[in-house]
Amino acid sequence: MLKKLLLRLAQIELVLLFLVVMAGSIVRMTDSGMGCPDWPKCFGYLIPPTEQSQVLWAPEKEFKKGQMIVYQESLWVSKEDFTAGSSYDSDHWDKYILHDYAVFNPFHTWVEYINRLLGALSGVPMVLMFFLSIPLVVKKPLYLLFSSLGLFGLGFEAWLGKVVVDGNLVPHQITYHMLGALFLIALIVTFIFSLQKEQQDKLPYRPALPKRSGTFIMVLVLLLLSQIIMGTQIREQIDLLHKTLSPRSLWIEQLDIVFYIHRSFSLVLVLSTLFLAWSWRQREVVIKAFDGVVIIMLVSVLSGAIMAYMGVPKWLQPTHLFLSIVMFGLLWYVGLKLIFQKRPEPQSNTSLTEESTIH
């Protein structure tokens, strides 16, 4: 029962991680990254403001300690609880010095807040997994290791989120943020695989694919990882072009060589994946998760082509990233299944045939 609960929590955690990455991409798409200029609160509020008047100074208005206002194009933080007089008194305020971004846009604020809320929500199943893994530490120490690493990873991501905000979206820190998310996805997928494997090992042995198939899949994982990293770098360039107010139709031709490497690598990845799928079909092998990889990869490449030739539509940017991270998780799962697939005992006389089905 405890292991089933762990499996369910791990699956919920994986879905939440996908949603967090998707939300982060929407934040980037809508330029909402600085919608909350401080962290972990938002303008000093636990629940962010919805109206301009909430972040402006006004006479006879009550302010709480830590509350932020926009005044003379700067951010100011209240030193204490007080009620404002008839004129602004600087003795009650400290200037916010971590960055000089002082704009309030309620839409941006709430997009960023929802992103943070999802990040906080993703910590709930991770904490539960950690405590539920403790009673199993003697028999299954890996469970506690996975949940501990997951907690550490979420904590690191939260800290990095603060660094990103304090640095006013420094480009390379955003890439590190993405790498941290991919690490967490791979970790939770591994946790799910380890929980499922115990049940699958009790099933009768089925002829397996050569172990090198798993190694080949992991090579594809590395290729996909490099694609995601390059895609993040391209996105950083697009963010800079967006700030220059350059027309979207001209963005692609202004990108550097990373874009062309990214585009060429996508063809290598697609052809390798299609070849592997075809060769397994020749052996009458069915791996459902890999069929999902093939479909998602083709849709992802199509979305990339549309962005390249149709002026980088806004709505496709988070879609393209979401498809990539789901594909990453599935591909990692398939690699684990093939590398650790059940094999016959050494004394077994079972003859391997070319037919097999891996669910």
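**Figure 1. The largest nonpolar core of the predicted model comprises 57 residues.** A nonpolar core is a set of buried Ala, Val, Leu, Ile, Met, Phe, Trp, Tyr and Cys residues joined through side-chain atoms within 4.5 Å; buried denotes under 20% relative accessible area with a 1.4 Å probe, protein chains only. Ile-217 and Phe-290 have the most contacts inside this core. Elements giving two or more residues to the core include helix 1 (2-29), helix 6 (212-243) and helix 8 (288-309), with helices being DSSP runs of H or I, at least four residues, numbered from the N terminus. Helix 5 supplies the largest share, 13 residues.

**Figure 2. Surroundings of Phe-290.** Not counting residues up to four places away in sequence, Phe-290 touches Ile-217, Thr-273, Leu-276, Ala-277, Trp-280, Leu-331 and Val-334 (contact: heavy atoms within 4.5 Å).

**Figure 3. A second, separate core contains 13 residues.** Among them are Met-230, Leu-241, Val-258 and Phe-259.

**Figure 4. Aromatic pairing of Phe-193 with Tyr-333.** The whole structure holds 19 aromatic pairs, defined by ring centres within 6.5 Å for Phe, Tyr and Trp (six-membered ring), with planes under 30 degrees apart counted as stacked, over 60 as edge-to-face and the rest as tilted. Phe-193 and Tyr-333 pair edge-to-face, at 6.3 Å centre to centre and 80° between the planes. The pair links helix 5 (residues 171-200) to helix 9 (residues 316-339), the two residues being 140 apart in the chain. Both Phe-193 and Tyr-333 are buried.

**Notes.** Residues are numbered from 1 along each chain as its sequence is written, and side-chain values use heavy atoms, with hydrogens and water left out. In this predicted model, local features need pLDDT of at least 70 and side-chain atom pairs count only at pLDDT 80 or more, whereas totals for chains, interfaces and linings use all residues.

Terms used: Buried < 20%, exposed > 50% of the residue type's maximum accessible area, 1.4 Å probe, protein only.
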